[in-house]
Amino acid sequence: MAVREGIGDRRREAAVYRHLGKISCQRGEYDKAQEYYEKALTIHMEIGEREGVVVIYVDLGLCFTSLGKNDIAEEYFKQALLLSRDIGQHLHEFYSLRYLSVFKVSQCNLEEASSYLFQGIQKFDTLRGFLKENDQFQISLLEEHSTFPYMLFSWLLSSTGKPQDALYVEELKRARGLADLMAARYSVQEQISSDRQSWCGIQGIITKEADCACLYISVGQNGVRFWIIKATGAIHFSEKEASLDKKKVTGIVPELDDFFKEAFRSHAILPVQCCEDRSLDDTELMSLHYDNRSVLRDYDAEDFKTSLHLCYNIIIAPVASLLKQPEIIIVPDSCVYQVPFAALADEGVKYLSETCRIRLVPSLTTLKLVQDSPPDYHSETGALIVGDPVVGKVIYKGRCRDMTPLPCARKEAEMIGTLLGVTPLIRDSATKHSVLQAINSVSLIHIAAHDDAERGEITLSPRHPTLLPPFPREEEYLLTMEDISKTRLRAKLVVLSCCHSACGQIRTEGVIGIARAFLGSGARSVLAARWALDDTATEQFMTCFYKHLFRGESASESLHKARKWMRNNGFDKVSQWTPFMIMGDNVTFDFGNWPVPSAP
């Protein structure tokens, strides 16, 4: 510090004081932190560094909040807001509004919290406007935005008799980045914003769905809220406190939202004898698992059944009497995406999927965007069928990997190609270049290949293996989320017959993975897998699914009947009949207009 003072580096001197203030706050020494922050503030004012003044105002606001001096804290937050507006710093204005909204929610002042919240959302929308074409930056900004007190504010609204307003606040949290991507593809305006006039009739979205009810779920640390929206537009709201029984949950009892995130992650690997491994798990890790099969968790192990039973009791049983329609559209909270809803069962072990079709949507807004897409946007004919690409030795995450063939995936692609009268891209013909050339002009996409277990990104054949260096790198063979985001898909249905293709990073607005990328790029509906696939079971499942789809039945109905057939024909393990879930719209095909052979 003395050296900086000696050479007159005032800006860095202020930065050092701010850093010391943060360290003091972390130690709980708030009085000392206040002194450091005030020294930094004085320097910023003397040198005319107004942006630095805004930052220190916020720091002091947080410091005085910790000291319990709320009036002083609020004044600093307000000064930060006014100055950030004066100097045109949108990001600092956003942060100031965020802290003020959190501050007012903590005081249970709904009126002022609401004002700051919606001002913050408006500013956030301004920031997002600069990032329309950059989804990754949008996702990062959305995570910053998630620290707005949506959850607490929504709970306060519902507890004060305003459940419909609470539902709209939930939509504002969830319907952001993905809705922007979809709206850009369909050339329409986003359907919900901070303008409350855009909220009107959001429940009317379900009225366009025949014989359906919508289950909208919000999970907190110790409870769940439910909105059941009927086809009439009526909304039924309920909430339930829930705690996890220490006798039924192994290890340390987690908070409710953490339980949902982790409950099914450990069940994602199947024994090697029944799985041809379509995922790109680390070689050494997979070897360890396969060499110690006795420690593998089976999907039908007792703890897995316990998790299923707990999930049913917490998120289905409280509203089961209201879910009697033939199809249930579920809008899950982000922590609930990996719950296999089809496998949830009541006390009599009757699965939810035995009585109704099940479909997931990321938000009501995204469903509306699909419903309102231009009539001629999606292709009515044409299929891209991809199976068992030849990948060979490649560089994956900095290491050499040898991708083994997938004979069952090849048979699967050939079966579907024969049914639809389409020549599939298999083995050497399934190059990344060929797939990207064809992907934006067809109505149906089916891919059976290796994929990345973290985000579901798919391995394809390098374009010219003989002309490349010995080991192709990821950009030559890996179909990434970024690749998909650059396309304008016209597909009504995308089927990702790859292990973990429904997986991704759990973020505020859901799971960020390859399935989301397909939806965001224009696909009307996506069928994807939550976990590793049993190769024999998957072949039977796809055969049954496509036979029903070929007969003109909807994707949701075809999925429902394929699950039922599997349970009744020797594939009754949950791991065999329930890995696939459908997201988005419920689509049908008129294969009679396609040049296909007669139905089998």
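Predicted model: local features only at pLDDT ≥ 70, side-chain atom pairs only at ≥ 80, totals over all residues.
**Aromatic cluster.** I started with the rings, and found that ring pairs tie Phe 541, Phe 545, Tyr 546 and Phe 580 together into a cluster.

Tilted is what's left between under 30 degrees (stacked) and over 60 (edge-to-face). I also checked the cover on Phe 94, and it is buried, with 0% relative accessible area.

**Tyr 186 and Tyr 377.** Here the ring centres sit 5.0 Å apart with the planes at 90°, so this pair goes down as edge-to-face. Where in the chain do the two partners sit? Tyr 186 belongs to helix 11 (residues 177-186), while Tyr 377 is in the loop between helix 16 (364-371) and strand 6 (383-389). That puts them 191 residues apart, so the pair links distant parts of the chain. Buried or exposed? I looked up Tyr 186 and Tyr 377, and both are buried.

**Charges over rings.** Tyr 377 came up again: the charged end of Arg 490 sits over its ring, 4.2 Å from the centre. I found another case at Tyr 99, where the charged end of Arg 98 sits over the ring at 4.8 Å from its centre.

**Arg 174.** I then turned to an arginine in helix 10 (residues 163-174). Why does Arg 174 count as buried? Its relative accessibility is 3%, and the cut-off for buried is under 20%. Leaving out residues up to four places away in sequence, I listed what Arg 174 touches; among them are Tyr 216, Ser 218, Val 331, Asp 333, Pro 362, Ser 363 and Glu 509.

**Whole chain.** Last, I zoomed out. I counted 24 helices and 17 strands in the protein chain. Of its 600 residues, 56% count as buried. I also looked at contacts between residues at least 6 apart in sequence, and 74% of these join residues at least 24 apart. The accessible surface comes to about 24700 Å², and carbon and sulfur atoms hold 49% of it.

Methods. Residues numbered from 1 in each chain as written. Heavy atoms only, no water. Buried < 20%, exposed > 50% of the residue type's maximum accessible area, 1.4 Å probe, protein only. Phe/Tyr/Trp six-rings, centres within 6.5 Å; stacked < 30°, edge-to-face > 60°. Helix = DSSP H or I, 4+ residues; strand = E, 2+ residues; numbered from the N terminus. Lys NZ or Arg CZ within 6 Å of the ring centre and 35° of its normal. Contact = heavy atoms within 4.5 Å. Areas by Shrake-Rupley, 256 points an atom, 1.4 Å probe, with all protein chains shown as cover.
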